[in-house]
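Work through the exercises below with the model open in a viewer. Each task is followed by a solution in steps.

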Amino acid sequence: MTEGFKSNGQAHPEMRVRLRDVEFKNPVLVASGTFGYGAEAKQYCDIEQLGGIVTKSVSWKPRPGNPPHRIIETASGMLNSIGLANVGVHSFVSEKLPYLAKFDTKIIANIAASSMEEYRNVLEHIEEHATPNLVGYEINISCPNVKDGGLSFGTSVERTEELTALLRQSTDKLLIIKLTPNVTSVAPFAQACERAGADAISLINTLVGMSIDIYTREPRLNTVTGGLSGPAIKPIALAQVYQARKACKLPIIGIGGIATAEDTVEFLIAGASMVQIGTANFVHPDAGIRVANGLVEYLHKQKIAAVGELVNSLTVRAELKAAGW
Ligand SMILES: Cc1cc2nc3c(=O)[nH]c(=O)nc-3n(C[C@H](O)[C@H](O)[C@H](O)COP(=O)(O)O)c2cc1C
């Protein structure tokens, strides 16, 4: 039973979900880079009502990130070139993880790096200092706005497989690989993660985008291009989740433009087992809780007993399936 949701006097639908042997209160996580390390949002949001928090990408050394402008609003979305600004893994384990350990919610540490060794060293350092609610790692191989942000891994099937296999040797906790949409087809990447022993994949990260000031004729972002997120990318994310679902058996965490319970239901039907809320947190820091509450209401109204019943329930007509769709 999930505490804090409106029940309207009826029995609670089952909101708990499992990834391998880890049980989450509900399938709604907050996405890396959009919720800081929890403390930033705490005054606006009862974070214990979230299924979990995926922390901001952490690298071995602290990173200042890119110079401004780092955020530009676009129609139905935003462009960012934060550049993986983060406190570095030593501060992460001495300050951020102990703070997050106070909360009854699951923590997934997101890791970014520029080499196999750095990924492994960061993961092993966190592993040594893990707190009880740290349940796993999300490996960011998909940041488009720094030159060494892992995208060279995320756009090579071989390197994705090699990195996943390497990290698998260093942890028994959940190993989730975060895939990029900036590839021709996501299917071989999903299959590479499955072959190499990942527990789940999450997708999508941001799409490469650009915005230009037509009076100065300059790019609006200091890095010229950046990562596009928000409602604008939802249809792309949904299609990639669907394609990954068809390509492998790994659990999928859907990300991309999710702002409402209805968005979440679409991702679950397309084949995701869980979702992450990203850009919507900048509009409402408690967006994840709104989504989880809305999901309970949807399940009530549709008389669906458990959220898991929605997963991979897309109805595709037989003749479309036969035609390869
Ligand atoms: C400002 C900002 C910072 C982000 N930082 C990270 C990051 O550090 N690591 C990461 O894996 N993804 C990062 N992301 C990507 C999000 O986690 C998410 O994959 C993406 O924004 C798509 O979801 P959305 O459309 O719901 O925002 C960032 C996104 C934004 C908008």
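**Exercise 1. Cysteines**

How many disulfides does the structure hold?

*Solution.* The model is a predicted one, in which local features need pLDDT of at least 70, side-chain atom pairs count only at pLDDT 80 or more, and totals for chains, interfaces and linings use all residues. Residues are numbered from 1 along each chain as its sequence is written, and side-chain values use heavy atoms, with hydrogens and water left out.

Step 1. Take the criterion: a disulfide is a pair of cysteine sulfur atoms within 2.5 Å.

Step 2. Apply it. The count is zero disulfides. For Cys193, the nearest cysteine sulfur belongs to Cys248 and is 7.9 Å away. Cys248 in turn has the sulfur of Cys193 as its nearest, at 7.9 Å, and is in no disulfide.

Step 3. Cys193 counts as buried because its relative accessibility is 0%. Cys248 is buried too, with a relative accessible area of 5%.

**Exercise 2. The whole chain**

Task: describe the protein by its secondary structure, overall dimensions and surface.

*Solution.* Step 1. Count the elements. There are 10 helices and 16 strands; helices (H or I, at least four residues) and strands (E, at least two) are DSSP runs, numbered from the N terminus.

Step 1. Compare the radius of gyration with the globule rule, which is 2.2 Å times the number of residues to the power 0.38, the radius being taken over C-alpha atoms. For 325 residues a compact globule would have a value near 20 Å, so the 19 Å of the protein agrees. The C-alpha trace spans about 55 × 50 × 45 Å along its principal axes.

Step 2. Look at burial and contacts. Of the 325 residues, 55% are buried. Contact means heavy atoms within 4.5 Å; among contacts between residues at least 6 apart in sequence, 71% join residues at least 24 apart.

Step 3. Compute the surface by the Shrake-Rupley method with a 1.4 Å probe; for residues, only the protein chains shown count as cover. The accessible surface comes to about 14,100 Å², and carbon and sulfur atoms hold 52% of that.

**Exercise 3. Helix 9**

*Solution.* Step 1. The expected span of a helix is 1.5 Å times one less than its number of residues. Helix 9 (residues 287-301) has 15 residues and should therefore span 21 Å; its end C-alpha atoms are 21 Å apart, which agrees.

Step 1. List the buried residues: among them are Ala287, Ile289, Val291, Ala292, Leu295, Val296 and Leu299. An α-helix has 3.6 residues a turn, so residues three or four places apart point the same way.

Step 2. Find the cover. It includes strand 3 (28-30), helix 7, strand 16 (274-277) and helix 8 (280-283).

Step 3. Go past the end of the helix. Lys303, which follows helix 9, has a positive phi near 55°.

**Exercise 4. Asp263**

Where is Asp263 placed, and is it buried or exposed?

*Solution.* Step 1. Asp263 is in helix 7 (residues 261-270). Its relative accessibility is 12%, so Asp263 counts as buried.

Step 1. A polar atom of the Asp263 side chain lies 2.8 Å from the backbone nitrogen of Ala259.

Step 2. Leaving aside neighbours within four places in sequence, Asp263 is in contact with Lys234, Gly257 and Ile258.

**Exercise 5. Backbone exceptions**

Task: locate cis peptide bonds and positive phi values in the loops.

*Solution.* Step 1. Most residues other than glycine have a negative phi, and most peptide bonds are trans.

Step 1. The bond from Pro68 to His69 is cis, with omega near -10°; His69 lies in the loop between strand 4 (52-54) and strand 5 (71-74). The bond from Leu203 to Ile204 is also cis, with omega near 20°. Ile204 is in the loop between strand 10 (200-203) and strand 11 (207-210).

Step 2. Leu84, not a glycine, has a positive phi of about 55° and is buried, at 7% relative accessible area. Arg217 has a phi near 60°, and at 73% relative accessibility Arg217 counts as exposed.

Step 3. Return to His69. Asn222 touches Pro67, Pro68 and His69, not counting residues up to four places away in sequence. Asn222 and Arg70 are 152 residues apart in sequence, with their C-alpha atoms 6.8 Å apart.

Terms used: Buried < 20%, exposed > 50% of the residue type's maximum accessible area, 1.4 Å probe, protein only. Polar contact = N/O pair within 3.5 Å; in protein donor to acceptor, adjacent residues only side chain to side chain.
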